[in-house]
Amino acid sequence: MIRQRILNKLRGLVWRSTGLVHVSLLRLRCSVGRGVSCIGGPIVQRPPGSVIFVGDRAVLISRSSASALGVSHPVILRCMAPAACIAIGDDCGLSGTSICAAISVVVGKRCLFGADVLVFDTDFHNHAPEGRRYAAPDWPAISRPVTIGDDVFIGARSIVTKGVTIGDGAIVAAGSVVVTDVAPRTIVGGNPARLLKEIALEHPVPASGTGERA
């Protein structure tokens, strides 16, 4: 027991010290808010003219030992084209998450991404088969922005595709493929993801004209 406690303390010291290095490197490649934590080193690519922002107190987990399910690779934040934007809100948690933007991927506050979630706003390759292998992608033609609201939970190994908006408070079940918009405070799942149920308010708001007056 004592040995395990010592090992845990040593592991914590290593995580904190290496985490500071990873955050410092992250700051060199993108805009980072206050109190951001990195467990393991993320992969970040930002061509000139593109923007990546990570909000206050966000946590980026790129090491399997720090995630219940483990992760198959580090967090990836990659802008594919000049003027592309990735914005991650305050207090978000990402575990082995891949986010690729050719136009825009915006994530709200307090969102949780399970292990190895994929989010992208583009098809990556042109639709016409002629020369597809080597042709430069026509990013505006094959891309549409992705918007994820506040307090969204996306389960492990789910995929969020281009043009999707996920409303505040929604849940995406593990292993889902989201190809259409998700309403606020709903749970969706499957491939393609479909409505499973609505999330009830913990404290329902009285209907207009009811309830006590002040």
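Figure 1. Pro137 counts as partly exposed at 30% relative accessibility (buried means under 20% relative accessible area, exposed over 50%, and partly exposed in between, with a 1.4 Å probe and protein chains only). The residue occupies the loop between strand S12 (118-120) and helix H2 (139-142); helices (H or I, at least four residues) and strands (E, at least two) are DSSP runs numbered from the N terminus. Leaving aside neighbours within four places in sequence, Pro137 is in contact with Phe124, Asn126 and Ile142, where contact means heavy atoms within 4.5 Å. From C-alpha to C-alpha, Pro137 and His127 are 9.3 Å apart in space and 10 residues apart in sequence. This is a predicted model, in which local features need pLDDT of at least 70 and side-chain atom pairs count only at pLDDT 80 or more, whereas totals for chains, interfaces and linings use all residues. Residues are numbered from 1 along each chain as its sequence is written, and side-chain values use heavy atoms, with hydrogens and water left out.

**Figure 2. The parallel open sheet.** An open sheet is formed by 6 strands in the order S1-S4-S7-S10-S13-S16, with parallel pairing. Strand S1 (31-32) and strand S16 (165-166) stand at the edges, each with a single partner strand, so one side of each has no neighbour in the sheet. Two strands pair if DSSP finds at least two bridges between them. Strand S4 (residues 51-54) pairs with strand S7 (residues 85-88) over 4 bridges, and Val51 has Cys85 as its bridge partner in S7. S7 also pairs with strand S10 (residues 104-107) over 4 bridges; here the partner of Ile86 is Val105. S10 is in turn joined to strand S13 (residues 146-148) by 3 bridges, with Thr147 as the bridge partner of Val106.

Figure 3. Asp116, in the loop between strand S11 (112-113) and S12, is buried, with a relative accessible area of 7%. Not counting residues up to four places away in sequence, Asp116 touches Val71, Ser72, His73, Ser95, Gly96, Arg157 and Ser158. A polar atom of the Asp116 side chain lies 3.1 Å from the backbone nitrogen of Ser72. Arg157 forms a salt bridge with Asp116, the closest N and O atoms being 3.2 Å apart (a salt bridge is a side-chain nitrogen of Lys or Arg within 4 Å of a carboxyl oxygen of Asp or Glu). Arg157 lies in the loop between S14 and strand S15 (159-160), so the pair ties together parts that are 41 residues apart in sequence. Arg157 counts as partly exposed at 46% relative accessibility.

**Figure 4. Salt bridges Asp91-Arg57 and Arg110-Asp151.** The salt bridges number 5 in the model. The side chains of Asp91 and Arg57 meet in one of these, at 2.7 Å from N to O. This pair links distant parts of the chain, 34 residues apart: Asp91 is in the loop between S7 and strand S8 (93-95), and Arg57 in the loop between S4 and strand S5 (59-61). Arg110 and Asp151 also form a salt bridge, with the closest N and O atoms 2.7 Å apart. Arg110 lies in the loop between S10 and S11, and Asp151 in the loop between S13 and strand S14 (153-154), 41 residues apart. Arg110 is partly exposed at 39% relative accessibility, and Asp151 is partly exposed with a relative accessible area of 35%.

Terms used. A polar contact is a pair of N or O atoms within 3.5 Å; within protein, one must be able to donate a hydrogen and the other to accept it, and residues adjacent in sequence count only if both atoms are side-chain atoms.
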